[in-house]
Amino acid sequence: SAEIAGEQSPGNVIVEAQWGDGLDADVDLWVEAPGDKPVGYSNKSGQVFNLLRDDLGKAQDVTDYNYEVAYSRGMPAGEYVVNVHMYRGIGVTYPISVKLVASVKDNPADTAQQIVTTTVKLQHENDQVTAFRFSLDDKGHLVPGSVNNLYKELRVAAQ
């Protein structure tokens with residue numbers, strides 16, 4: 001039961017990744033909050049973010065909907081980094097397009113406000129791309145001019 005921005009969902013910062021429905025592609029979302037360690041499939045929770053859904057493509061999946069989402073507890077000021085990693089594709093044609101959306105909301109009853117959205121292309125297995133980096137101020141507002149996509153390695157190999 002994927003939560004779509006606009007519906008009530010837990011968390012203050014919500015990062016969603018979505019890629020071609022029906023593709024047997026295991027794309028991994030990685031997120032890093034200010035002062036915290038990267039969160040992704042091999043490290044599903046940090047002090048700030050939790051990865052709520054690790055989508056393995058068609059494996060153990062009853063739907064054709066390819067989607068991963070991470071939620072934060074709180075909105076610490078500073079820089080957030082969002083990456084996607086092409087873990088594995090079976091019979092897929094590259095590049096794989098992945099749509100990413102970051103949203104914020106002050107409390108769970110609020111509607112999430114999209115602050116950054118982009119689509120990236122993963123070119124081959126093991127490709128990792130920084131979709132975007134952005135900074136929030138101490139009120140949880142996007143810092144003007146802070147959005148960029150300078151590459152930063154986030155993936156941590158499974159322990």
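Which residues does serine 135 touch, not counting residues up to four places away in sequence? In this predicted model, serine 135 touches Gly78, Glu79, His141, Leu142, Val143 and Ser146, where contact means heavy atoms within 4.5 Å.

Residues are numbered from 1 along each chain as its sequence is written. Because the model is predicted, local features need pLDDT of at least 70 and side-chain atom pairs count only at pLDDT 80 or more, while totals for chains, interfaces and linings use all residues; side-chain values use heavy atoms, with hydrogens and water left out.

Serine 135 lies in strand S8, a strand being a DSSP run (E) of at least two residues, numbered from the N terminus. An open sheet is formed by 3 strands in the order S2-S5-S8, with antiparallel pairing; two strands pair if DSSP finds at least two bridges between them. Strand S2 (25–32) and strand S8 (128–136) are at the edges with a single partner strand each, so one side of each has no neighbour in the sheet. Between S2 and strand S5 (residues 78–89) there are 8 bridges, and leucine 29 stands opposite valine 84 in S5.

| Residue | Relative accessibility | Class |
|---|---|---|
| Serine 135 | 17% | buried |
| Threonine 117 | 45% | partly exposed |

Buried means under 20% relative accessible area, exposed over 50%, and partly exposed in between (1.4 Å probe, protein chains only).

Threonine 117 touches Lys99, Leu100, Val101 and Phe132, leaving aside residues up to four places away in sequence, and its side chain reaches the backbone oxygen of leucine 100 at 3.1 Å.

Conventions: Helices (H or I, at least four residues) and strands (E, at least two) are DSSP runs, numbered from the N terminus. A polar contact is a pair of N or O atoms within 3.5 Å; within protein, one must be able to donate a hydrogen and the other to accept it, and residues adjacent in sequence count only if both atoms are side-chain atoms.
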